[in-house]
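I opened this model to look up a handful of local features. My notes follow the order in which I checked them.

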Amino acid sequence: MNSISADFSDCVFVAVAAGRGARLGGDLPKQYQRVAGRTVLEHCLLAISRAAPGALIQPVIHAADRALFAAAVARLPASVHLLEACPGGATRQDSVLAGLKAIRERDNSRKIVLIHDVARIIVSNRLVENLVAGARETGAAIPVVAIPDSLRRQEAPLTQAPAGASRPVPRDGLYAVQTPQAFAFPAILAAHEQAAAAGHHDFTDDASLAEWSGLVVKTISGDPLNRKITTPGDLHMAELMLFANLADVRTGSGYDVHAFCPGDHVWIGGVRIPHVQALEGHSDADAVLHALTDALLGAIADGDIGVHFPPSDPQWKGAPSHLFVRDAVRRVQARGGMIAHLDLTVVCEAPRIGPHRDAIRAAISEMTGVEIERISIKATTSEGLGFTGRREGMAASAIATVRLPLAEARK
Ligand code: MG
């Protein structure tokens, strides 16, 4: 929670996401790799928008990543205020300048800019508040952390270094520099333009560029948890921290029934399946998605599908039921939660579900943003007994496992 009610309505972030992240390995740039159910980029954008409600975010992306970016941000809640992404440059410095220029074109009213590498996904409210306060006071504030380890200098790479190749370096007075780095917007934009005009393109952070141009930078206490994800080990550490925080594990169940009626197809789990009957209902009568919606709402104790989408409301007549699921997913995400697992059961004599199982899992994965490996769909008959046995209707049940942040549990 914000310790003071800071105002971020004149703040904007440059979210630098244009790098290739070669050190992490794999086919995807690191900002698009998934950890704890979301991409690194999503975690970062959520963290900074939670830490600075009301702030705008200017993403800077690699031109080749447009589709990856669009897919990632489509899953974000409306509380994340994104400006249209702009393409980055050849170096980090060039990418930041591209972001600053895009902000000048789009919303020149912002007084404070926080320049942040999206590979840092644990960004606390307190850190952002202190940075913004520092930048308001002095024009430039950056987070630094003391280095607890002894330090050595060695020119050769570790794998090739002979014995005796390194020597100790005193660590007194040395600090590691983090992002976000906060600046008065016009001053840092002018500094960047000055550096580019002078032929400099390789400043590795904005504080060193700012100082080169004559600005004075204030250091404030950073956060040891605000580590940059660079190696597979860093990604694993970030995953552990995210899961450790998402420790309030909740389970919700849902159940739904629809009657068969004359027709030639049914909707099951968002998939249209040809059948000798249809299902009767106000919406598309997709019992699986209705049970799933109720399971998600149950896990966060937020009513049921009828509360949020009353059958008496004509706007839901014939509605595709993925709308209900997407709304429930948004409610989970608005709480900072993650859907850990979905397990669904369909009860009917026909149609057969098996041939459509993976299509249904894929459809639910698309509408929830949950990996397909975390979605189970099972089918059974009722051995000819009861209304499902008499082929009068179909029943579906769902169990959703949701992880919410510990901060949520303390509310
Ligand atoms: Mg229903």
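These entries cover the metal site, a hairpin, salt bridges, ring pairs and some backbone points.

**Ground rules.** I am working on a predicted model, so to speak of local features I need pLDDT of at least 70, side-chain atom pairs count only at pLDDT 80 or more, and totals for chains, interfaces and linings use all residues. Residues are numbered from 1 along each chain as its sequence is written, and side-chain values use heavy atoms, with hydrogens and water left out.

**Metal site.** I looked up what holds the magnesium ion. The protein donors are Asp 256 (OD), His 258 (NE2) and His 290 (ND1), at 2.2 to 2.3 Å from the ion. I took donors to be N, O and S atoms within 2.8 Å of the metal (3.2 Å for Na, K and Ca); water is not among the atoms, so sites may look incomplete. The donor spacing in sequence reads D-x1-H-x31-H. His 258 sits in strand β14 (residues 248–262) and His 290 in helix α8 (residues 287–299), so this pair links distant parts of the chain, 32 residues apart. Helices (H or I, at least four residues) and strands (E, at least two) are DSSP runs, numbered from the N terminus. I also checked burial: both His 258 and His 290 are buried. Buried means under 20% relative accessible area, exposed over 50%, and partly exposed in between (1.4 Å probe, protein chains only).

Next I went to strand β15 (residues 265–268). Val 266 and Ile 268 make up its covered face. His 265 and Trp 267 make up the uncovered one. In a regular strand the side chains alternate between the two faces of the sheet. β15 pairs with strand β16 (residues 271–274) in the antiparallel sense, over four bridges. Two strands count as paired if DSSP finds at least two bridges between them. His 265 has Pro 274 as its bridge partner in β16. The two strands form a hairpin with two residues between them, and Gly 269 in the turn has a positive phi of about 60°.

**Salt bridges.** How many salt bridges are there? I get 18. The rule is a side-chain nitrogen of Lys or Arg within 4 Å of a carboxyl oxygen of Asp or Glu. I picked out a few.

- Asp 65 and Arg 20 meet at 2.3 Å, N to O. Asp 65 is in the loop between β4 (56–61) and α2 (66–73), Arg 20 in the loop between β1 (11–17) and β2, 45 residues apart. Asp 65 is buried at 3% relative accessible area, while Arg 20 is partly exposed at 39%.
- Glu 42 and Arg 38 have their closest N and O atoms 3.6 Å apart. Both Glu 42 and Arg 38 are buried.
- Asp 343 and Lys 378 have their closest N and O atoms 2.9 Å apart. Asp 343 lies in strand β18 and Lys 378 in strand β19 (residues 375–380), so the pair ties together parts 35 residues apart in sequence. Asp 343 is partly exposed at 24%, and Lys 378 is partly exposed at 34%.

I also noted a network of salt bridges that links Arg 92, Asp 117, Asp 206 and Lys 228.

**Ring pairs.** The structure holds four aromatic pairs. Phe 203 and Trp 212 form a tilted one, 5.9 Å centre to centre with 50° between the planes. Phe 203 is buried at 18%, and Trp 212 is partly exposed at 35%. Phe 309 and Trp 316 are edge-to-face, 4.7 Å centre to centre with 80° between the planes. Phe 309 is buried at 12%, and Trp 316 is buried at 14%. Rings of Phe, Tyr and Trp (its six-membered ring) pair if their centres lie within 6.5 Å; planes under 30 degrees apart are stacked, over 60 edge-to-face, the rest tilted. Ring pairs link Phe 309, Trp 316 and Phe 324 into a cluster.

**Backbone points.** Most residues other than glycine have a negative phi, and most peptide bonds are trans. Where do I find cis bonds? One joins Thr 179 and Pro 180, with omega about 5°. Another joins Ala 350 and Pro 351, with omega about 0°. Pro 180 lies in the loop between β11 (175–177) and β12 (181–184). Ala 36 has a positive phi near 50° and is buried at 5% relative accessibility. Arg 391 has a positive phi of about 60° and is partly exposed at 46%.
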